[in-house]
Amino acid sequence: EHPAVETVWYPKFEGCSEYEALLQPGGGYGGLISFALVRPERAPQVYDALEWSKGPSLGTEFSLACAYTLLAHYQELDWAESCGVPRNLIRLSAGSEDPSRLVGALATALEFA
């Protein structure tokens with residue numbers, strides 16, 4: 001609900017019925033979330049200001065932030081955008097740290113948006 005955030009992709013909010021059709025009994029939504037900013041040109045400043053470790057998430061216990069589209073589709077950014085994946089998308093993988101620290105670091109970084 002931050003005013004600088006335009007779109008959030010998280011299975012609890014986006015694609016619920018598809019995700020829930022495959023959800024195991026007692027399962028949850030996981031710690032992976034992606035978002036795009038109202039001012040996408042500010043994504044590098046937000047990303048740089050975010051005091052999380054940076055890199056792709058491959059199941060670490062600690063939180064990571066990733067400039068997903070730039071990492072995964074650098075040579076095909078226009079194509080990715082044509083498929084609905086913004087070039088300035090930021091992906092977060094929440095780890096086992098104190099949630100208030102993670103949220104606080106994100107709120108601080110979003111001040112740069």
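**Exercise 1. Find the residue of strand 4 that stands opposite Ser 53, then describe the strand pair.**

Step 1. Ser 53 stands opposite Leu 64 in strand 4. Strands here are DSSP runs of E with at least two residues, and helices are runs of H or I with at least four, both numbered from the N terminus.

Step 2. This is a predicted model: local features need pLDDT of at least 70, side-chain atom pairs count only at pLDDT 80 or more, and totals for chains, interfaces and linings use all residues. Residues are numbered from 1 along each chain as its sequence is written, and side-chain values use heavy atoms, with hydrogens and water left out.

Step 3. Strand 3 and strand 4 (residues 64–66) run parallel and are joined by 2 bridges. Two strands pair if DSSP finds at least two bridges between them.

**Exercise 2. Work out the strand order of the open sheet and say which strands stand at the edges.**

Step 1. The open sheet has 5 strands in the order 1-2-5-4-3, with mixed pairing.

Step 2. Strand 1 and strand 3 (53–54) stand at the edges. Each has a single partner strand, so one side of each lacks a neighbour in the sheet.

Step 3. Strand 1 pairs with strand 2 in the antiparallel sense, over 4 bridges. Val 5 has Leu 37 of strand 2 as its bridge partner.

Step 4. Strand 2 also runs antiparallel to strand 5 (residues 90–93), again with 4 bridges. There, Ser 34 has Arg 91 of strand 5 as its bridge partner.

**Exercise 3. Describe the lining of the largest pocket.**

Step 1. A pocket is an open set of points on a 1 Å grid over the protein atoms alone, where a 1.4 Å probe fits, with protein on both sides within 12 Å along at least five of seven lines; lining residues have an atom within 4 Å of a point.

Step 2. The lining has 19 residues, and Ile 33, Phe 35, Leu 92, Val 103 and Leu 106 lie nearest the centre.

Step 3. Helix 5 gives the largest share, 5 residues.
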